[in-house]
Amino acid sequence: MSLFVTELRRLTKRRVTRLLLVLLVVGLATVATAFSFSSHKLSPEVVAAAQADSDAQYRKSVEEWKRSVTECEAAQARGEQTEERYGENCGKDYQPQPEMFDPKWNLPYQFDFRAEFPTFIAVFAGAVALFAFIVGASFVGAEWNTGGMMNLLLWRPKRLAVLGTKLAALLTTVLGLSVVLGALWTAVFWLIGTQRGTTAKMTAGVWRSIGLDGLRAVALILVVGAVAFALASLGRHTAMALGAAVALFAVSEVGIRIAVGVLSVPFGDRYVLSTYAQSWFMKQAELFDYDTCEFARGACEPAKYVVTWQQSAVVFGIGVVAALVAAFWTMRRRDVA
Amino acid sequence: MSAVLEIEGLRKTYRSRKRGVRHALDGFDMRVEAGQVHGFLGPNGSGKTTTLRTLLGLIRPNGGRMAILGQELPRALPAVAGQVGAIVESPQFFPHFSARDTLSLLAQAGELPKRRVDEVLELVGLRDRAGERVKTYSLGMKQRLAVASALLKDPKLLILDEPANGLDPGGIREMRRLMRELAESGMTVVLSSHILGEIQLICDSVTIISLGRRVAFGPVEQVLAAHSQGTVRVRLEAVADLPRAEETLTRSGIRVAAEADHLMLSGVDKPAAVSRLLAEQDLYVSELTPVAVDLESVFLELTATAPVPGQNRQVDQSAKVDQTGTAGGWGA
């Protein structure tokens with residue numbers, strides 16, 4: 001227990017942790033603040049003003065239409081050709097209708113908590129996952145690099161216990177931070193919704209769905225932190241994790257996309273990692289194969305392949321387990337030179 | 001006396017496709033008695049640090065036996081780790097933490113009281129600089145911090161790899177005094193160093209390693225005596241008589257090296273016999289001095305690492321001995 005508390009203390013004392021935490025909080029606060037300015041509460045006055053604008057636009061449009069018809073009839077009386085300029089029957093059949101001037105078009109943007117907050121959960125998860133990645137990698141990478149790990153092993157010569165305790169301290173910190181910041185993030189957007197948007201139709205079912213989105217976000221953050229920790233531990237350097245991440249991105253997002261494109265593999269994106277991240281957040285990702293369509297025969301319903309969030313869970317689960325098993329195995333076997 | 005540290009037949013082999021097989025430790029033996037300051041000497045690449053790392057569980061050996069405080073390693077290492085303080089090679093600490101933070105984290109991990117941090121900071125002379133970041137420290141200050149971290153546990157066995165590295169002359173003297181005080185308080189100290197004059201001053205006993213094998217061991221005086229080779233310096237009243245004296249002594253089976261104004265004899269059991277031999281030839285001695293060897297010359301001789309004019313010695317060029325080694329007194 002003392003080692004766990006020590007590692008928690010060590011992690012929170014580290015400069016990179018503190019600096020990145022400040023950047024994370026400032027970044028999230030900036031996004032929330034900027035967004036709050038773009039949203040406007042639709043008060044009865046604003047709705048009435050939009051309605052008045054629509055009515056005025058409708059009236060103006062009808063007047064212009066009448067004037068156009070009158071001009072057309074005058075031109076016809078003079079024996080002029082009018083069809084090209086005014087259309088058939090002087091455009092009398094195209095009288096503007098009131099429903100063509102929906103007041104919604106004149107309303108400013110209003111944030112809808114129910115519909116849009118899940119997207120902001122993904123934004124939050126991305127930012128915190130980046131934090132978890134760098135802090136997770138440097139927590140073990142810098143310790144190896146500066147001799148801190150060796151010093152610790154001289155005090156606690158149980159390698160697996162030391163690595164496991166460090167990982168537990170990292171995940172506990174990231175989890176605590178995700179929960180606290182996630183709660184603040186939700187509260188801030190709820191506040192934006194109540195003050196400058198809408199929080200209508202928030203049933204228990206909607207809250208449950210948002211809660212599950214939040215849980216999936218936290219799980220992804222923990223997976224990213226654990227994988228970064230494992231990679232840095234394998235390479236005994238922070239840069240190992242960063243390098244592996246860049247390599248993975250290049251192979252998955254660029255290499256595989258090119259390869260499946262060249263080979264014309266149906267639903268090639270199912271081999272790309274970001275598809276699984278998308279499916280994890282959106283509950284599913286739909287892939288379409290337009291090669292099955294013959295558009296010359298008219299409209300086509302292309303073949304569809306669905307990646308579910310459960311499949312994403314399996315892919316990420318295998319990845320994190322493989323990375324951690326490799327890290328612990330090498331920790332046990334390799335000399336500390 | 002009981003042994004605090006015992007190593008028998010320790011082997012560590014590195015295999016590489018490029019460089020082939022290299023035996024870093026090749027049946028190495030070592031024994032350190034309780035309450036002693038023990039010097040652990042060897043040329044660069046001889047296996048000193050590998051031995052210490054293996055002992056401390058950082059490297060897996062390929063064979064041999066190790067024990068600390070009577071407990072077999074590496075099985076019992078977690079049990080004895082609390083009684084062993086160690087610094088291995090150059091001191092390495094997280095650069096952005098202060099000395100107090102560094103020690104405080106170690107003390108917390110080892111479940112030691114906080115006051116112990118202040119005690120060791122005082123002991124190594126870092127009390128007034130304890131709040132500064134380690135990255136601002138000089139090498140000598142980092143060395144002091146490393147020693148402080150090793151002393152934090154108030155260990156029964158203290159293992160220090162090059163503790164005087166980077167210290168100023170005052171610091172070296174303080175370190176020497178500290179080692180003696182620790183030994184007097186009952187702590188056993190194993191000291192690895194290349195400053196052989198210091199080792200000779202501080203240590204009760206030594207082990208010398210070369211190419212992964214022990215080449216000498218025992219109390220310092222015995223190791224010196226065993227390798228003094230009975231060297232004697234002889235001067236005559238008349239320098240012109242030196243060639244005749246050389247001839248006389250050589251005829252008597254004594255190894256003689258002629259210098260400009262004196263002769264150096266080796267293999268002399270009784271210096272009086274030299275005086276008698278020369279007097280019988282009417283050659284009169286003005287000086288007959290047994291030459292004392294120091295640890296440095298013994299080290300250079302045993303490890304065959306003395307510089308040779310016109311040659312550049314490579315790191316792995318040192319003496320390799322058979323398994324028995326050269327005993328200077330006691331040992332495993």
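Reader: Into which domains is chain B divided?

Author: Chain B splits into domain 1 (3-225) and domain 2 (229-290), with bounds from an automatic or database domain assignment. The C-alpha centres of domain 1 of chain B and domain 2 of chain B are 46 Å apart. Bear in mind that this is a predicted model: local features need pLDDT of at least 70, side-chain atom pairs count only at pLDDT 80 or more, and totals for chains, interfaces and linings use all residues. Residues are numbered from 1 along each chain as its sequence is written, while chains are lettered from A and ligands numbered from 1 in the order in which they are written.

Reader: Okay, and how do I read a helix pair?

Author: Two packed helices are described by the angle between their axes and the distance between the axes. Here, helix α7 (residues 159-196) of chain A and helix α8 (residues 204-235) of chain A have axes that come within 10 Å and cross at roughly 150 degrees. Axes are lines fitted to C-alpha atoms, for helices over the stretch in contact, and angles run from 0 to 180 degrees between N-to-C directions. Helices are DSSP runs (H or I, at least four residues), numbered from the N terminus.

Reader: So are α7(A) and α8(A) roughly parallel or roughly antiparallel?

Author: Roughly antiparallel, therefore, a label for angles over 145 degrees.

Reader: Which residues of α7(A) and α8(A) make the contact?

Author: Among them are Leu163(A) and Leu167(A) of α7(A), and Val218(A) and Phe229(A) of α8(A); contact has C-beta atoms, placed from the backbone, within 7 Å.

Reader: And between the chains?

Author: There, 22 residues of chain A are in contact with 24 residues of chain B.

Key: Two residues are in contact if their C-beta atoms, placed from the backbone, lie within 7 Å. Helices (H or I, at least four residues) and strands (E, at least two) are DSSP runs, numbered from the N terminus. Angles under 35 degrees count as roughly parallel, over 145 as roughly antiparallel, 65 to 115 as roughly perpendicular and the rest as oblique.
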